[in-house]
Amino acid sequence: MRDLLGGKGAGLAEMTRLGLPVPPGFTITTKACNAFSRKGRFPPGLWKQVEEGVAAIEARTGKKLGDPARPLLVSVRSGAKFSMPGMMDTVLNLGLNDVTVPALGGLMQDHRFAWDAYRRLVAMFGRIVKEIDGHRFEAVLERYKEQTAGNKDTDLTTDMLRSIVAEFREIYRKEVGREFPESPKEQLREAIAAVLRSWNGKRAVDYRNFNKIPHHLGTAANVQAMVFGNMGHDSGTGVAFTRNPSTGAKELYGEYLANAQGEDVVAGIRTPMRIVELKDRAPELYEQLARAADLLERHYRDVQDIEFTLEGGKLWILQTRSGKRSARAAVKIAVDMAKEGIITKQEAILRVEPLHVVHLLLPQFDEKAKSAARKEGRFLARGLNASPGAASGYAVFDPDEAETMGRDEKKPTILVRVETSPDDVHGILHSKGVLTARGGATSHAAVVTRGLGIPCVTGCEAIVVDYDVGEFRVRDKVIRRGDFVSIDGTTGEVFEGRIPTLEPDFRKEADLQTLLEWADDERMLQVWANADYPRDAERAREFGAQGIGLDRTEHMFMETDRLDIVHEMILAAPEYRRVSAEVRALKAEMETAKEEKRPALAKRLSLLEPVLENLSRRYLGSLEKLGRLQKEDFTGILRVMQGLPVIIRLIDPPLHEFLPKYETLLVEVTKLTLARGDPDVLVRTARSDEDQAFLEEVREAAGGDLARGIEALIPKKQMLLEAVAASRETNPMLGLRGCRLGILFPEITEMQVRAIFEAACQLAKEGLDVRPEIMIPLAGHVNELKVAREALEAEAKRVMEREGVQVAYKFGTMIEIPRAALTADEIAKYAEFFSFGTNDLTQTTFGYSRDDAEGKFLLDYVEKAILPFNPFQTLDREGVGQLMRVCVQKGRKVRSDLEIGICGEHGGDPASIELCHELGLDYVSCSPFRVPVARLAAAHAKLRPEVERMEDR
Ligand code: PEP
Ligand code: MG
């Protein structure tokens, strides 16, 4: 039904069936919308059906479109299958003209009301149907409001409204070149066309692109008799959630605006009262509303977001839809509803979007820092806590600027607006937080940010925003564009300056824990984590990780206290390799050489042996030092993860990644050489932070003496430059890295394996259950694995023999190259496990550089829909996914108990996790913070097809 009638239309039909008071109307289907989009005009028969629909409304209401005695007014509202709040158009009060306005006024005994409705129609019709800039109408309205005492819409007199209508119609005539249409049918026809057209409007298209809503769905258009909330004090309009959409608490939550139309609430023009206040002020209405809410929630078995209007004391339900909610509310509501028996545990799991779990683990302000800020007088104001989480950033008033700063400059921003509208969405998307002066908890800003998980404070009426100057004022304080502000979307507080945030405490999230435990009972995939350090591993365990799927050991090489040792090792390695090969060859030659050749060989050997000794002191010596440090690293992580598998990957990146950049060294050597005769030139030309740091380095090289520092550094830097130049590659990502490195410099990986097994043996002797798994990266040919594994496993056995203990271990490889995936049956002979390194596998499958593609062309590709999404974020099913499928099949054919997982970034992406589940992987491994997401996503992957199968039946 939703496919055809859209969410709103389906809801109206269903509510009518349930016997709720719904204004009569009919729905134009999404199919008609699509036909309209294709041809640019109404499909045959549509208008006739509209006329029949109108006739049916007329029969039910006893009113008639255009009737001079009892005029019918209708609305046309968009409504797609998936809610797209505020992204498409709605036109209200259709049917008003010079004849019906006085008729309506007479009928209602309120001419002011009729003229007010008319001015709304002309402006809305002009803006939406004819795309006239809305500010033109607003400016007129403002001018009239200024003439009143209260400066409010409601202060405008009937005469004023009549003049406003005349001016609006004049604007219309000038802009469109025709009179505003008097014929109600023409109004209706054009409004329907505009609403259908709005499906393809820019905002709607952007929203669908962002939310991955297919473009072919189309919107429905609902034509409905108007009911009025602005007919005096026993009228009003509101929005009610059946549960609190921010916290999830079971209470009727929402807002009510007396004597107002629906759009006044959504647009946040006036700040409404809370629904609970109705309990005292209008107990009967509150009761009626509560009963309808309960009925709807039980009927739809989900939280409902209900729009209602009170017209002359009569309640009308205009719309119901499943309520958007914050991540925290989603989890609480799902768990509560399952406990209340409204839904099953499985449904509860499926009710929470896995990515929303990230929001629950959003940073909060450090309470101490917050109260310090308060003491310092930095508290500015309090608004509504519209979307939870805390954020600090530069105050920005323009959504375009927020987009540029957030997306391109990667700067944190807080978008500050009087109120937001769908035209601001691009800025909201790239802000850390949103602050608005007006609007309630169901205003545009609130709804959009909650969906996106961006902290938001709305209705902060104490702030006065001035777009022209680019500032906002609170009392005597002024916050200018570019000043730092901090907002707490959980409490609604706004502060001046920066407040540090704190990581959330997963252990205290009882509802989330419950939901994840239910998910654990369902899922097939295990969830492991990528962690390099014991503290990351601890966090991963706390989040529920069942193993470490990737410990990138080279990250430990990068630590500052180790870099010197690593440099020494890398600088000596190629020479060591060359000289030791020559010495080996000479020795071999000696054995078979003729007598007369021997002295020459011996001479050469005697020359080389001390060189080799020196090199081996440098190379093997630094490896030994590194080995001791790595043993500590591995002891730490294996201890934390006792009882669970830990995959330790041997060194992977090209060696030059550990050295300074070639270009930097070249500049430094040049500078030093030029400064030889004039050391102070270094001081005079030090402008950037890097220049200053370099100057410091030169000074320190000779105890503070610049001239001597220069002399000391030149040979050192020159040597480094030569070494870096020698190891430079045109395509380092396809070069000497991964297992290739270990094959050329086996001493490095042997050191790592030795360190792993020394750590494991020591812990085993302490009685700990340790399960190291050694992973060889980037294998493409079985022989690479064969050679590497034979050498390394021999080393492992040597250590265990020496230590006198055995530990359970596995040797395996990453699958990062298409050839490895395609020859998985060969590879599996030498691997007890596979781990898909889908970062590299995506790079090598597409031939896109993972370091450059996103910055150069990939995002354009996605924007132009050449690719459906960024394949470095979500696994490409057809290409990379196919390779994985082949790999799993071939690998398991040779080794049925082959352990297979994934450790690329995709391991934390719900859509990719779904594919991993389908492929029958054993686990996904992702960053510790993603572990809760992956636990839930893995359960979704298992449950969703089951639910779909049931729905098909
Ligand atoms: C991968 O390539 O997917 C992977 C996990 O390894 P890295 O990102 O370290 O290259
Ligand atoms: Mg890789």
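Asp-840 is buried, with a relative accessible area of 2%; buried means under 20% relative accessible area, exposed over 50% and partly exposed in between, using a 1.4 Å probe and protein chains only. This is a predicted model, in which local features need pLDDT of at least 70, side-chain atom pairs count only at pLDDT 80 or more, and totals for chains, interfaces and linings use all residues. Residues are numbered from 1 along each chain as its sequence is written, chains are lettered from A and ligands numbered from 1 in the order in which they are written, and side-chain values use heavy atoms, with hydrogens and water left out.

- Asp-840 lies in helix H34; helices (H or I, at least four residues) and strands (E, at least two) are DSSP runs numbered from the N terminus.
- The side chains of Asp-840 and Gln-843 are joined by a polar contact of 3.0 Å. Such a contact is a pair of N or O atoms within 3.5 Å; within protein, one must be able to donate a hydrogen and the other to accept it, and residues adjacent in sequence count only if both atoms are side-chain atoms.
- Glu-816 (OE) and Asp-840 (OD) coordinate the magnesium ion (ligand 2) at 1.9 to 2.0 Å. Donors are N, O and S atoms within 2.8 Å of the metal (3.2 Å for Na, K and Ca), and sites may look incomplete, as water is not among the atoms.
- This pair links distant parts of the chain, 24 residues apart: Glu-816 sits in the loop between strand S29 (810–815) and helix H32 (818–822), and Asp-840 in H34 (residues 838–846).

**Around ligand 1**

- Ligand 1 is surrounded by 14 residues, and the closest are Arg-552, Glu-816, Gly-837, Asn-839 and Arg-850; a residue counts if one of its heavy atoms lies within 4 Å.
- Oxygen atoms of ligand 1 lie 2.7 Å from a polar side-chain atom of Arg-552 and 3.0 Å from a backbone N or O atom of Thr-838.
- H34 gives the largest share of the shell around ligand 1, three residues.

**Helix H12**

- Leu-285, Tyr-286, Leu-289, Ala-292, Ala-293, Leu-296 and Glu-297 are buried in H12. Seen down the axis of H12, its buried residues fall within an arc of 130 degrees, so they line one face of the helix; the arc is that of the directions from the helix axis to the C-beta atoms.
- On the other side of H12, Glu-284 and Arg-291 are exposed.
- Arg-301 follows H12 and has a positive phi, near 55 degrees.
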